[in-house]
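Visitor: I am new to this structure. Could you take me through it step by step?

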Amino acid sequence: MSLTKVDPQIAGIILDEERRQCNSINLIASENYSSKAVLEAQGSVLTNKYAEGYPGKRYYGGCKYADQVEELALHRAKELFGAEYANVQPSSGSTANMAAYMTLIDYGDTILSMALDQGGHLTHGSPISFSGKLYRPVFYGIDRETGQIDYDEVEKIAIKNMPKLLVVGSSSYPRILDYQRFRQIADRVNARLLVDMAHEAGLIAARVHPSPVPYADIATATTHKSLRGPRGGLILCRATYSASINRSVFPGLQGGPQMHAIAAKAVAFHEAKQPQFIACQRATLENAKVLADGLLAGGIQLVTGGTDNHRLLIDLTPTGITGKIAESALGEVNITVNKNAIPFDSRPPGLTSGIRLGTSALTTRGFGTEEMAKIAHLIVRVLSHIGDEKVYQEVRLEVEEMNSRFPTPGITQ
Ligand SMILES: Cc1ncc(COP(=O)(O)O)c(C=O)c1O
């Protein structure tokens, strides 16, 4: 029986969410639209199957097709990223990172990573995450003047603290990370290198962004951001870590792998090899630059003054409004963003002085540079007319017009 018949309440809410996704300009940097094919694999009968273990070595019978799915996902992941070894079982980016720590270091060891309030991620040593409780974090940040990472400074902090692990990766840093330089720093202090490429995975797969795979001991990713797959995690590593990374994921952290999600990851890896995906990732970068230029031209301040990837971080300090107010005002006109701390933010995380934008999701829908220039203009209008319902209504109409021209993959195509 169909969902509508069995549970009309949930079916109705899902329909509302579909409408919301089609009717809003989604600038959340960590989101995207999975294809119908990815959604189909994720909604498949593989959700019924228990397959604890790995292909050929399962703790359950009936795993013939689960093995085929996982083998294919592994093969495609390795080929896509040029990695020696892969693990596709992590349920999220956070558990992928946990498994990497468990493989590379011992509890109590020192890790050196980018501070959360400077652009890092919770799982990179924040005191409220397992990573800050189980390990001894020390942090690097960005240079106050340039807004960018000062690699010589990172090296100095590394020499002073002699970490066992250098963690690289960020949720909001809008510039290219110099993986080779990070490797040099790690080698200098005899540390291992973990690169969390959760955000950049799609750009890296399309080879429009440098890859950390040749430099990192382990690279982790999420499959649902720029990579456009199902919600989940991915681990890539050197062959020497194969046995220990597998043990860290299962039985270290998880029980049965989500075979439906692994099938959907395999589909996403296949899609990521196609010319359309590569063109879309290239367009994502162009769109980010046009959006940045439009905002700068409208007097908006950006952390680092621009972007090299799909993300932009607006510094609202000169406008006097908080990230919370900006998020809510843009939400009123169906432009979806998230409030985000800026480096050296004087406001608490619930308010913030910034908003983060990303162009992955809109580019997947087919929005181009012309639309980005228009969206920049609309954002500037809203931020300079907070609370002005007349302006909001005008902007809403423009948003509606753009949304009507671009189908939402997986929903309206
Ligand atoms: C850099 C980075 N790493 C890890 C994660 C965690 O991913 P998940 O939400 O799947 O646990 C995120 C999520 O936003 C992220 O930005």
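Visitor: Which strands does helix α13 lie across?

Guide: Helix α13, residues 323-332, lies across β14 and β15 and runs at about 165° to β14. Helices (H or I, at least four residues) and strands (E, at least two) are DSSP runs, numbered from the N terminus. Contact requires C-beta atoms, placed from the backbone, within 7 Å. Axes are lines fitted to C-alpha atoms, for helices over the stretch in contact, with angles from 0 to 180 degrees between N-to-C directions. This is a predicted model, in which local features need pLDDT of at least 70 and side-chain atom pairs count only at pLDDT 80 or more, while totals for chains, interfaces and linings use all residues. Residues are numbered from 1 along each chain as its sequence is written.

Visitor: What is the strand order in the open sheet of 4 strands?

Guide: The order is β11-β12-β15-β14, with antiparallel pairing; two strands pair if DSSP finds at least two bridges between them. β11 (301-302) and β14 (338-340) are the edge strands, each with a single partner, so one side of each has no neighbour in the sheet.

Visitor: And how many bridges join β12 and β15?

Guide: Strand β12 (residues 311-315) and strand β15 (residues 354-358) are joined antiparallel over 5 bridges. Within β15, L357 is the bridge partner of L312.

Visitor: Which helix lies across β11, β12 and β15?

Guide: That is helix α12, residues 275-297, running at about 15° to β12. Helix α12 has 23 residues and reaches 33 Å from its first C-alpha to its last, close to the 33 Å expected at 1.5 Å a residue. The expected span is 1.5 Å times one less than the number of residues.

Visitor: Which residues of α12 are buried?

Guide: Among them are F277, C280, Q281, N287, V290 and L295. A residue is buried if 20 or more other C-beta atoms, placed from the backbone, lie within 10 Å of its own, exposed if 12 or fewer, and partly exposed in between. Just after α12, G299 takes a positive phi of about 90°.

Visitor: What about N190, buried or exposed?

Guide: N190 counts as exposed because it has 9 C-beta neighbours inside 10 Å. N190 sits in the loop between α8 (179-188) and β8 (192-196), and the phi of N190 is near 60°, also a positive value in a residue other than glycine.

Visitor: Changing topic, which peptide bond is cis?

Guide: The bond from F250 to P251 is cis, with omega near 10°. P251 is placed in helix α10, residues 242-253.

Visitor: Which strands pair with β9?

Guide: β8 pairs with β9 in the parallel sense over 3 bridges, and D196 stands opposite T220. Strand β10, residues 233-237, pairs with β9 in the antiparallel sense over 5 bridges, where A219 stands opposite L236.

Visitor: Finally, which residues come nearest the ligand?

Guide: Of the 14 residues around the ligand, S92, G93, S94, S171 and A198 come nearest; a residue is near if its C-beta atom, placed from the backbone, lies within 6 Å.

Conventions: Contact = placed C-beta atoms within 7 Å.
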